[in-house]
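Please open the structure in your viewer and keep the selection tool at hand. The tour below goes from one selection to the next and says what is found at each stop.

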Amino acid sequence: MSFPANNPSEGSSMYVYLAAAVAATAGLLFGFDIAVINGAIIFLQAEFHLSDVQTELATSSLLFGCIFGSSVAGWLTDRLGRRRVLMFTGLGFALSAIGAAIPQTLSQFIAARLIGGLAIGAGSVLAPLYIAEVAPAAKRGRLVSLNQMAIVTGILIAYLVNWGFSFLGSGSWRWMFATAAIPSIALFVALFFVPESPRWLVEKGRSAEALHVLSRINGSTVAAKELRSIEDTVAEETGTLRELFGPAFRRPLWIAVSLAILQQITGMNTVLFYGALIFRQHVGNQTASTAIFANVIIGLVNALATVVALWLIDRVGRRPLLMVSTLVMAFSQAGLGMAFLNPNPSAAVVLAMMLCCVAAFAVGLGPGFWVIVAEVFPTRIRGRAMSIATMCLWCASTLLTMTFLSLTKAVSPTGAFLVYAGFCLVTFALVWWIVPETKGRTLEEIEQSWLKRRTR
């Protein structure tokens with residue numbers, strides 16, 4: 001089964017949006033699973049009597065799974081297809097949600113979260129990759145950003161679920177995790193109704209199927225022209241990792257890996273993972289429910305700012321949003337550090353700086369990275385290339401999460417947030433220096449630009 005047929009001479013925007021929305025459900029689960037720990041960790045810490053190191057391990061266990069999941073996702077999807085591997089991620093999300101809700105020991109909880117990490121790691125590669133490969137060039141930025149919108153929506157839902165269940169007492173964390181099982185199963189079922197990536201189909205010699213999908217996206221006239229362009233470009237690719245590390249694509253690989261690492265070590269995830277603990281431990285005498293509700297506000301701003309990004313990214317372009325975003329983040333992280341110079345910092349000031357940082361990230365660096373990394377690699381190795389970049393992202397995220405509480409003890413919260421502000425400035429410099437603008441260009445045009453650069 002598939003979506004209703006459209007006029008083949010015209011194509012259908014609804015067809016594209018529905019396919020992108022189904023894939024972006026993996027992003028929603030990604031956002032929910034990384035954020036649900038924010039509120040749950042308060043109750044986990046009390047129930048299992050966790051030390052700071054154990055708290056960091058419980059929080060970051062998901063991320064170790066993300067590293068492995070992202071490292072194998074590209075290899076699997078280049079062989080099995082985008083849609084089939086996304087189905088496996090849906091099952092992984094469901095198993096993790098149930099497993100994380102029923103453990104009796106910390107080790108059992110960590111094992112369940114590792115499974116969820118595998119699903120997130122794979123989904124974080126595949127969702128933007130799939131959307132980029134089915135989207136028309138003029139809408140690609142907006143549609144890939146739809147995945148980021150799904151991520152932040154998942155984060156907001158996690159915060160709301162956490163806050164709602166927090167009133168149930170010490171065992172409420174189990175319900176927080178179990179909630180994700182429902183959308184996980186929905187993702188698995190919905191993937192039976194979406195097409196395979198036309199570019200992957202061409203790469204596998206299934207051009208007739210690719211033409212059918214492209215016709216439903218762009219109409220038959222444009223589809224025939226686009227199919228020829230894809231076939232010509234794929235014919236020039238070797239599909240080996242040697243090609244990825246060769247002169248033509250070394251630069252996009254450097255851009256993707258650098259942005260992946262910097263997106264994380266600018267410190268955004270300290271708010272997503274530890275926001276409730278920050279309010280509980282450093283900002284007055286906050287109850288668990290009050291600290292968790294502060295994150296609901298953060299999640300709402302995150303979602304609203306991402307809506308702004310959806311509107312701007314195909315109008316303004318990727319580079320301007322990334323540069324403005326990183327500058328505002330630097331200011332916000334520095335302001336947050338200054339707020340903690342006061343032994344009793346103002347809750348309003350801390351929340352304002354967090355909101356400013358989250359909004360800036362959501363408008364630029366958050367969606368911008370996923371759009372660019374889905375655009376800059378050739379078709380035959382796009383999955384594996386995105387795996388490398390995404391694996392680096394999860395490694396950086398794991399490092400950040402595993403060290404935040406220890407870093408704040410070693411250099412104080414002020415020192416930690418000033419370090420993150422410095423990395424924001426480094427990211428601004430990188431974007432200004434080497435990141436190209438890709439707005440409005442087809443994936444084949446972007447690939448040809450790297451090949452032309454090699455011949456100069």
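**A pocket and its helices**

Begin by selecting α2 (52–80), α3 (82–101) and α4, each of which supplies at least two residues of the lining of the second largest pocket; helices here are DSSP runs of H or I with at least four residues, numbered from the N terminus. The model is a predicted one, in which local features need pLDDT of at least 70 and side-chain atom pairs count only at pLDDT 80 or more, while totals for chains, interfaces and linings use all residues. Residues are numbered from 1 along each chain as its sequence is written, and side-chain values use heavy atoms, with hydrogens and water left out.

The pocket itself has a volume of about 200 Å³, the volume being the space filled by probe spheres set on grid points that are joined across faces, edges and corners. Of the 13 residues that line it, select F88, T89, L118, A119 and A122, which are the closest to its centre. A pocket is an open set of points on a 1 Å grid over the protein atoms alone, where a 1.4 Å probe fits, with protein on both sides within 12 Å along at least five of seven lines, and lining residues have an atom within 4 Å of a point. The helix that gives the most to this lining is α2, with five residues.

**A network of salt bridges**

Next select D78, R82, E133 and R384, which are linked in a network of salt bridges, a salt bridge being a side-chain nitrogen of Lys or Arg within 4 Å of a carboxyl oxygen of Asp or Glu. Between D78 and R82, the closest N and O atoms are 3.0 Å apart, and between E133 and R82 the N to O distance is 2.9 Å. The pair of E133 in helix α4 and R82 in helix α3 links distant parts of the chain, 51 residues apart.

Are these side chains buried or exposed? R82 is buried, at a relative accessible area of 0%, and E133 is also buried at 0%, while D78 counts as buried at 6%. Buried means under 20% relative accessible area, exposed over 50%, and partly exposed in between, with a 1.4 Å probe and protein chains only.

**A partly exposed pair**

Finally, select R206 and E209, whose salt bridge has its closest N and O atoms 2.9 Å apart. Here R206 is partly exposed at 33% relative accessibility, and E209 is partly exposed at 39%.
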